[in-house]
Amino acid sequence: MQFELLKTDAGCAARLGLLSTPRGDVETPTFMPVGTQATVKSATPEQVAESGARILLANAYHLHLRPGEEIVAAQGGLHRFMNWPHPIITDSGGYQVFSLPNVQVDDAGVRFRMEKGGQPVELTPEKAIAIQQKLGADVMMAFDECVSYPAPYEAAKTAMERTVDWARRCRESWTNPEQALFGIVQGSTYPDLRRECAERIAELELSGIAVGGLSVGEGLDTMREVLAFTVPHLPEDRPRYLMGVGLPEDILAAVELGIDMSDCVIPTKYARTGVIFTQVGRLRVMNNDYRKDRFPPDTACRCYTCENYTRAYLHHLFHAGEIFGQTLATIHNIAFYMNLMADIRQAIRGDRFPAFKAEFLERYLREGKKRRRVG
Ligand SMILES: [Zn+2]
């Protein structure tokens, strides 16, 4: 995998880049829809790709538990298994493991019992890499310890030290040069820990660096603050990936501070409850306002859903409990995020990202507020 930094916006730290992988190029800043269980819920891979997505996030921990990486490998690897020919990044599962109850952690790794069945499971940095190599991810994530928010300083420091040591062990287990490996920066909300972690992870010279441990309930202002004192310590020449973020306003804030990639379940998860993203804010399609509405979900969108269906039709499908409603909303929400990222890249290309961001948010938040007052 190669990363080329094409330019930085003249008015802020926003960056335009190109990730080249054996399975195709990805323009950055990019957003990655989430396919935890080797599927983007309710949409076919063709629909996801047609909405503009060119890289997906799957979860190595979930796929290890079920169906198991041996089965995926025997089916020709993750790309063949899920019929997605474009790049895939796999999360190592650190985040998921640490949110389980009764997890035992020490320097060797973690042990826990599966929610169902109760068999003991052990994950170590070496095992996390072995799983991701078997799955055949284009980008593998190092195994890290993610502390919850807020975290006491000593706990955040211990987790940060462990995250650095585990990234080193991941690097030593990494044998396939066709697959990229990203390290993860932890350190909670503490500037000295974030800085030390960023510098020590950078020394490992991995393919890219992720900022983890955000979007865990700290809120947009704190996230922005942490990014502002973390990102300057990340190497210029590597892609920077903000994990698990977020809403359009969060993504704009992250891009402005120099983030190149992000992923989140929000567009697809919201879609399945009938929440549609539009240029003028979020729209809850089940509201009675839309019962007879003849407009497309987003009048500024040209996706399959908006070209062919009305708000009234989506309103009907969601009220009737028809799964096609979820599919149509998912197609649109992915397209909305992909269009946003394309607009962001265009703005950086023209050195006008700060103005673009202000205009977008003015329209998106103002109309959204007005609608929430009505609805
Ligand atoms: Zn649309």
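The structure is a predicted model, in which local features need pLDDT of at least 70 and side-chain atom pairs count only at pLDDT 80 or more, while totals for chains, interfaces and linings use all residues. Residues are numbered from 1 along each chain as its sequence is written. The domain assignment gives domain 1 (2–264) and domain 2 (274–374); these bounds come from an automatic or database domain assignment.

**Domain arrangement and contact**

- The C-alpha centres of domain 1 and domain 2 are 27 Å apart.
- Between the domains, 25 residues of domain 1 are in contact with 25 residues of domain 2, where contact requires that the C-beta atoms of two residues, placed from the backbone, lie within 7 Å.
- On the side of domain 1 that touches domain 2, the elements giving two or more residues are strand S4 (30–32), helix H1 (45–50) and helix H10 (248–256).
- Helices (H or I, at least four residues) and strands (E, at least two) are DSSP runs, numbered from the N terminus.
- H10 gives the most to this side of domain 1, with five residues.
- By class, the residues on this side of domain 1 comprise 13 nonpolar, six polar and six charged. Here Ala, Val, Leu, Ile, Met, Phe, Trp, Tyr, Cys and Pro count as nonpolar, Asp, Glu, Lys and Arg as charged, and the others, Gly among them, as polar.

**The three-stranded sheet**

- Three strands form an open sheet in the order S7-S8-S9, with antiparallel pairing; two strands pair if DSSP finds at least two bridges between them.
- Its edge strands are S7 (104–105) and S9 (120–123), each of which pairs on one side only.
- S7 pairs with S8 (residues 110–113) in the antiparallel sense over two bridges, and a hairpin of four residues joins S7 to S8.
- S8 and S9 are also paired in the antiparallel sense, over four bridges.
- Valine 110 in S8 stands opposite valine 105, and valine 110 also stands opposite leucine 123 in S9.

**The S15–S16 pair**

- Strand S15 (residues 275–278) pairs with strand S16 (residues 281–284) in the antiparallel sense, over four bridges.
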